[in-house]
Amino acid sequence: MIEVEGLTRKYGDLVAVDDVSFSIGKGEVVGLLGHNGAGKTTIMRMLTGYIEPTEGSVVIDGMPLSEARLGIQRKLGYLSENAPLYPDMSVVRYLEYVADLRGVPRAGRPAVLRRALERTWLLDRALDPVGTLSKGYKQRLGVAQAIVHEPEILILDEPTNGLDPTQIFQMRSLVRGLSENATIIVSTHILQEVEAVCERVIIMVQGRIAVDARMSELQQSHRLVVGLGNPSDDAPERLREIPGVAEVLPAEGPRGESYGLELDAPMDEVAPSVAREAVERGWDLYRMSEEARTLESVFREVGEGGGHDG
């Protein structure tokens, strides 16, 4: 559905996006993750045709963006970080204006507008002036304008920005529902949002891709945490000799001594060997568990000490 090859964007001497390549299949929900300035927004602006790349190419649904910009943009829905809203218009009038720009047929427009309002919980605010809306309601309206024409591809930049916890939950539900008929890219620096709605994550660091993997792969742990009540002084060395244990590191535990075992073999093969070793050496084994690996821990591993403006 989306093919990106060697995408680069420079602003003078500043390289905001540096030789980025990835592909996104139809129906995927992909999180574009990174600190502010990592290049996320610049990538989305290039995908939507808002700015041109310095180098590289974007192909969407088999069409090169450089040759079929308008055709591709008809397939796209885009929520920018600060959605352009007109404060003097009413909510429904603004959506009608967007629908007109998007070429939504007049005959079916009332039903389309109502559906967009219902999906973003704005029906009771349809006649309110946009300028009177709170930040959270304006964010909902930004999403409504992105989906009013039922796009095949939806690109959302910080979709939960300004929302309260209840609204965030509703927005997550909306994104999951939209994914049944659309390919979705969600850009955010909030890790929980990616974990909640995305099946794949691309992590940007200083304009480059540091990680591109499915969530299920990222959450697979290769570390076994072992807690011993009365280990001998040579316990780390003895644990390191167990086949499948690559490294033994100190770990935090409630009592006794805890060790983090980095594995280069399947967990279910190594764990029984660790238990046998503890029994044979007379150690009190009170804990043995697979370390939970979250997106936050992956993000820390990747590391980012700053980035370009993007």
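This is a predicted model: local features need pLDDT of at least 70, side-chain atom pairs count only at pLDDT 80 or more; totals for chains, interfaces and linings use all residues.

Reader: Noted. So at what angle do the axes of α5 and α6 cross?

Author: Roughly 5°, and the axes come within 12 Å. Helix α5 covers residues 135-147 and helix α6 covers residues 165-178. Angles under 35 degrees count as roughly parallel, and α5 and α6 are therefore roughly parallel to each other.

Reader: Which residues make that contact?

Author: On the α5 side they are G136, R140, V143 and I147. From α6 you get Q167, Q170, M171, L174 and L178.

Reader: And how do they divide into nonpolar, polar and charged?

Author: Five are nonpolar, three are polar and one is charged.

Reader: I've got L141 selected in my viewer. Where is its place?

Author: L141 sits in helix α5.

Reader: Buried or exposed?

Author: Buried, because its relative accessibility is 0%. Setting aside neighbours within four places in sequence, L141 is in contact with L85, V91, Y94, L95, L122, V130 and L133. There's also T120: 21 residues separate T120 from L141 in sequence, and their C-alpha atoms are 7.2 Å apart.

Reader: Switching to charges. How many salt bridges are there in the whole structure?

Author: A search turns up 20. One of them pairs E152 with K75, with the closest N and O atoms 3.4 Å apart. This pair ties together distant parts of the chain, 77 residues apart: E152 is in the loop between α5 and β7, while K75 is in helix α2.

Reader: How accessible are E152 and K75, in relative area?

Author: E152 is partly exposed at 33%. K75 has a relative accessible area of 18%, and since the cut-off for buried is under 20%, K75 counts as buried.

Reader: OK. Which residues are linked in a network of salt bridges?

Author: E28, E199, R200, D212 and R214. R200 belongs to strand β9 and D212 to strand β10, 12 residues apart.

Reader: Are R200 and D212 buried or partly exposed?

Author: R200 is buried, with a relative accessible area of 7%, whereas D212 is partly exposed at 37%.

Reader: What about R214, what does it form a salt bridge with?

Author: With E199, and there the closest N and O atoms are 3.7 Å apart. R214 lies in strand β10, and E199 is in the loop between α7 and β9, 15 residues away. R214 is partly exposed at 35% relative accessibility, and E199 is partly exposed at 32%.

Reader: Which residue takes a positive phi just after α1?

Author: G49, at about 85°. Another glycine with a positive phi is G12, at about 65°, in the turn of the hairpin that β1 and β2 form with two residues between them.

Reader: How many bridges join β1 to β2?

Author: Seven, and the two strands run antiparallel. As an example, L7 has V20 in β2 as its bridge partner.

Reader: Last topic. In what order do the four strands of the open sheet come?

Author: The order is β12-β13-β11-β14, with antiparallel pairing. The edges are β12 and β14, each with a single partner strand, so one side of each has no neighbour in the sheet. On average, neighbouring strands are turned by 20° against each other, direction ignored.

Reader: And over how many bridges do β11 and β14 pair?

Author: Five, in the antiparallel sense.

Methods
Residues are numbered from 1 along each chain as its sequence is written. Side-chain values use heavy atoms; hydrogens and water are left out. Axes are lines fitted to C-alpha atoms, for helices over the stretch in contact, and angles run from 0 to 180 degrees between N-to-C directions. Angles under 35 degrees count as roughly parallel, over 145 as roughly antiparallel, 65 to 115 as roughly perpendicular and the rest as oblique. Contact means heavy atoms within 4.5 Å. Ala, Val, Leu, Ile, Met, Phe, Trp, Tyr, Cys and Pro count as nonpolar, Asp, Glu, Lys and Arg as charged, and the others, Gly among them, as polar. Buried means under 20% relative accessible area, exposed over 50%, partly exposed in between (1.4 Å probe, protein chains only). A salt bridge is a side-chain nitrogen of Lys or Arg within 4 Å of a carboxyl oxygen of Asp or Glu. Two strands pair if DSSP finds at least two bridges between them.
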